[in-house]
Structure formats: structure tokens, C-alpha cells
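Here are my notes on the fold, in numbered points. Please read them with the coordinates open.

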Amino acid sequence: MARGDHIRVRRGMYWHHGIDRGDGTVIHYDGSPRRPNGTVSIMTLETFCRGNRFEVVSSCPPEEAECIITRAESRLGEAAYDLVRNNCEHFATWCASGEPASHQVRRVINTLATAAAVSFVAMSLLSGPSRPARG
């Protein structure tokens, strides 16, 4: 793990994301489904991990570390957490790449869309063939 790395830790059914500052602290969006009023803040790596093992999502080339840290620090104190549009993964991905994204949100949306399509097809099959209107 190095300064500017995008890291994540398992929190039950989801991953929590942050940016390693290289000094034993992490900048992250301190929000969750249970804490919707989160803010971008700094905490120790130990507190961030809560006893769980972290993973490096993307390693930061040394020449990009300052840019990534500057991006992360520019949003310290921001309180615009949104589970679907501006969560910890959006934040960390934006810091690391300049583009916000959340694979977790995308996966849930795709799963819901697939379930809706399957449900529609099943209902269509169960209702039988359509009959022409009598006129």
C-alpha cells in the first residue's frame, strides 16, 4: 500500500472505499446506508478497517500520488453523501481517476433491471396469449 492508493474494506454486504494518505490515515466518505449524512473526512487506517483486512483497488504510481491526495483533500468536509450517486466508492474512484464511478451501485441496478425483465416475461407467459379486441 502506498500514498494515493485507492483501498477498500469489507463491511458486511458492501465494500467501503477510501484513499490512503501514506501516513496511517485514510480520506473517505464517512457515509453508509445507516449513516446517510456522511462527510468526507480523515480517519486512521485502523479505524477505517474496523478489524477487517483491506484490499488495494488501484495502486497509485508515485508521480500521481500528490494529484490524488490533492483531489481527496479538496473535498474534506463535503457533506453531500448519496448512496446511489455520491458514495464512498464514487469518491475514491474520482480521486484516483478523475471520474466518479461505483461498480457496487451499477451491479445492483443491473440486478434489479434483470429481475424486472424476468418478472415481465414470466407475467406475460402466465397470462396466456393476448386476444384481439372485439369490436
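1. Start with Asp20. In this predicted model, its bridge partner in β3 is Val26. The strands involved are β2 (residues 14–20) and β3 (residues 25–29), which run antiparallel and are joined by three bridges.

2. Now the whole sheet. Five strands form an open sheet with antiparallel pairing, in the order β4-β3-β2-β1-β5. The edges belong to β4 (40–44) and β5 (54–58). Each has a single partner strand, so one side of each lacks a neighbour in the sheet. From one strand to the next, the twist averages 40°.

3. Two helices pack on this sheet. Helix α2 (residues 65–74) touches β2, β3 and β4. Its direction makes about 115° with that of β2. Helix α3 (residues 88–97) touches β1 (6–11), β2, β3, β4 and β5. The direction of α3 makes about 35° with that of β2.

4. How many of the ten residues of α3 are buried? Seven are, so the helix is largely enclosed by the rest of the structure. Buried here means under 20% relative accessible area. The buried residues of α3 are Cys88, Glu89, His90, Phe91, Ala92, Thr93 and Cys95.

5. Look at both ends of α3. At its start, a side-chain oxygen of Asn87 comes to within 2.8 Å of the backbone nitrogen of Glu89. Glu89 is itself buried. Just after the helix, Gly98 adopts a positive phi of about 90°.

Technical notes:
Residues are numbered from 1 along each chain as its sequence is written. This is a predicted model: local features need pLDDT of at least 70, side-chain atom pairs count only at pLDDT 80 or more; totals for chains, interfaces and linings use all residues. Side-chain values use heavy atoms; hydrogens and water are left out. Two strands pair if DSSP finds at least two bridges between them. Helices (H or I, at least four residues) and strands (E, at least two) are DSSP runs, numbered from the N terminus. Axes are lines fitted to C-alpha atoms, for helices over the stretch in contact, and angles run from 0 to 180 degrees between N-to-C directions. Contact means heavy atoms within 4.5 Å. Buried means under 20% relative accessible area, exposed over 50%, partly exposed in between (1.4 Å probe, protein chains only). A polar contact is a pair of N or O atoms within 3.5 Å; within protein, one must be able to donate a hydrogen and the other to accept it, and residues adjacent in sequence count only if both atoms are side-chain atoms.
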